[in-house]
Structures are given as structure tokens and as C-alpha cells.
Amino acid sequence: MGVKKKLIRAFQEIAEVRPTGKGRSNKELKRVQDFLCRFGYLKKRGFKAGTLDKKTSEALSHYQRAHGRRVTGDFNKATRDQMTTSRCGFPDMNKGIEFSTTCAWDKTDLTFTFDVGTNDVAGQQEFDAVRSAFQSWAAVTPLTFREVGLGDAPDISIGWRPANDPDLDMRGGTLAHADFPPACSVVTNSLPKPVHFDDTEHQWVIGRRPGGFDIETVALHEIGHILGLAHSNVAGSVMFPSVSSNLTKRSLTADDISGIQNLYPPVAVPTTKELLLQRLETIEGELAEVRNLVGTLP
Ligand SMILES: [Zn+2]
Ligand SMILES: [Zn+2]
């Protein structure tokens, strides 16, 4: 049961907007303002539609900074190129305010389940790709991820959805979305937490293929949100908001690892010296015991 594909070019409506400087008006700039609202850079009210006013310019500066671009506050070509790259459907900010280091789950043993897959890949390779992404996060944290059935009250549910997804609209250039942990939800207040891939507008693949998006690459990013990470402005990191087609990014970077270990500090492993000192203590204890025993004998 696949969803009928209607592949799109990411944010085509923005590709058509001509560069606009501060203070200038341009009817089509409204599309850029809508984009900035959608991803949390601009509050829905308080700006002049179609004019690059102060609020819009501030939002553009934020956007440029968050994407490692030169900060000008104008709508220039570099900004337009960045905005027309496929990206995560999750906002980067909330009403113009950065997400503070969000929150963690209150347990380390999490469960997940799969519902609907995609027909873009053979068999159940899409599920294997997601399982592998979970392992990458488990490797650098005390977290464990156990696969359970839909009826076993899973914490996380993974599936492919029409772009017009009821819990978060993914139409127009967004690849997938997730949510934060229960204590800082932005999409739903109930479990399971969603990891949803847009199965209408994108071609899902395993590995690098022109026009295709690697499932494990996108899953790794979305699981980062589920665990509590917001978007990163470090280009090349897994938690950077946008991703190109024909690309794989399957390993966590130093930025991702330091972010996740802030939320879930690794369990301390004793050093060799600590282990030897422990052994010495045990041996000394045994020696004392033997001496005592010897002392009781005639
Ligand atoms: Zn994201
Ligand atoms: Zn969804």
C-alpha cells in the first residue's frame, strides 16, 4: 500500500523570489516570510507582509547565522539557495527564540515500533536503516532501544506518511519530522512519539542515488530530536536542519556527540588504576582474614 509519489523540488515557491534588500518591498517576499514563520524565525504577527522590514531582516539574520551563511539580514541569493534545499520539518526556533537545550527522557531504556513502511526500497530495508540509526545513538550514550509491537505501548513510532501529515504538515520541501521528549513536546503530548517520513514528495533510497534521500541519514537526524536535540548550526553535523539528496551522513559528528552526552552523560567507566586499587583492597581484605584465622589456631 504505497502512497502515490508526486516528487517536488524543495521550496520551489521561494526559488522564484528575487533577491530583496533591507527596507525594500516585493510582493513575493511574503513567501520567504511564511517560510521564516514556519521554521520559527519570525512571529506570525508584527511584520509587514511583502516588505523586508526590521523584524523580517532580524529573522533573516538569525536564519543566516543558523546555517553558517554570511549574516546580512537581506534576502540574497546565498540565502535563497539554502532555503531551497530539502530540510527537516521540525522548526529551528520557537517564535524567534532559540530552543534552549531542550530536555531528556526520564529513563534510558526506550522502546520503538514500526507502522507503515515505504515502497521505495525492496523488502524491509527501510526498517533496517532506522534500526542502524538507533544503534549509532546507543553507542555514545547509556540509552538502549528495544523494538516492540504496536500494542506494547512503545515510546517511539516510526512510519512513512503522506506529505499532508495530520500531526505536522510536511508539504513542500520537508523530508521528515519528529518531536522532542515528553517533557518538552512541540508536536504531540501523547506517546508514542512520532518519527514520520514524507512518502509523497521524496524518493527514499539506501545509500547515495541522484535525487534520492538516504533513509539512515534522515533517521539519524530525526532520532536526535526524539532524544531531545534541537537543530545545530554546525555545517556537516547530523543535527544541521537541511540535507541534500545523493548524500549519506551516517556517523555522528563531535558536535552531535557533545550535544547528546550533555543530555545523557555516559556512564563512567573505571580507569585501570581504579580497577587495580579495587583488587588490592580485596586482596588485603583476604590477607587480613587469613591472618585472623591463623591467629585462632594453636
Ligand atoms: Zn530536524
Ligand atoms: Zn507526523
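Which residue in β7 is the bridge partner of S157?

1. Ground rules. This is a predicted model, in which local features need pLDDT of at least 70 and side-chain atom pairs count only at pLDDT 80 or more, while totals for chains, interfaces and linings use all residues. Residues are numbered from 1 along each chain as its sequence is written, with chains lettered from A and ligands numbered from 1 in the order in which they are written.

2. Domains. You will find domain 1 at 12-84 and domain 2 at 109-263; these bounds come from an automatic or database domain assignment. Their C-alpha centres are 27 Å apart.

3. Helix α3. Helices here are DSSP runs of H or I with at least four residues, strands are runs of E with at least two, and both are numbered from the N terminus. The expected span of a helix is 1.5 Å times one less than its number of residues, so the 13 residues of α3 (54-66) should span 18 Å, and the end C-alpha atoms, 18 Å apart, agree. Buried residues in α3 include T56, L60, Y63 and Q64 (buried: 20 or more other C-beta atoms within 10 Å of the residue's own; exposed: 12 or fewer; partly exposed: in between; C-beta atoms placed from the backbone). The buried residues of this helix pack against α2 (29-38), α4 (77-83) and β1 (93-94). After α3 comes G68, with a positive phi near 65 degrees.

4. Strands. Two strands pair if DSSP finds at least two bridges between them. β3 and β5 run parallel, joined by 3 bridges, and T113 has S157 in β5 as its bridge partner. β5 and β7 also run parallel, with 6 bridges; in β7, the partner of S157 is P194.

5. Cores. A nonpolar core is a set of buried Ala, Val, Leu, Ile, Met, Phe, Trp, Tyr and Cys residues joined through C-beta atoms within 7 Å. In the largest one, of 38 residues, V130, A133, V218, A219 and I223 touch the most other members. Helix α6 gives the most to this core, with 6 residues. Setting aside neighbours within four places in sequence, A219 is in contact (C-beta atoms, placed from the backbone, within 7 Å) with A129, V130 and A133. A second, separate core of 19 residues includes A10, F35, F39 and A66.

6. A loop residue. A153 sits in the loop between β4 (144-147) and β5. Is A153 buried or exposed? A153 is exposed, because 11 other C-beta atoms lie within 10 Å. A153 and L191 are 38 residues apart in sequence, and their C-alpha atoms are 7.7 Å apart in space.

Technical notes: Two residues are in contact if their C-beta atoms, placed from the backbone, lie within 7 Å.
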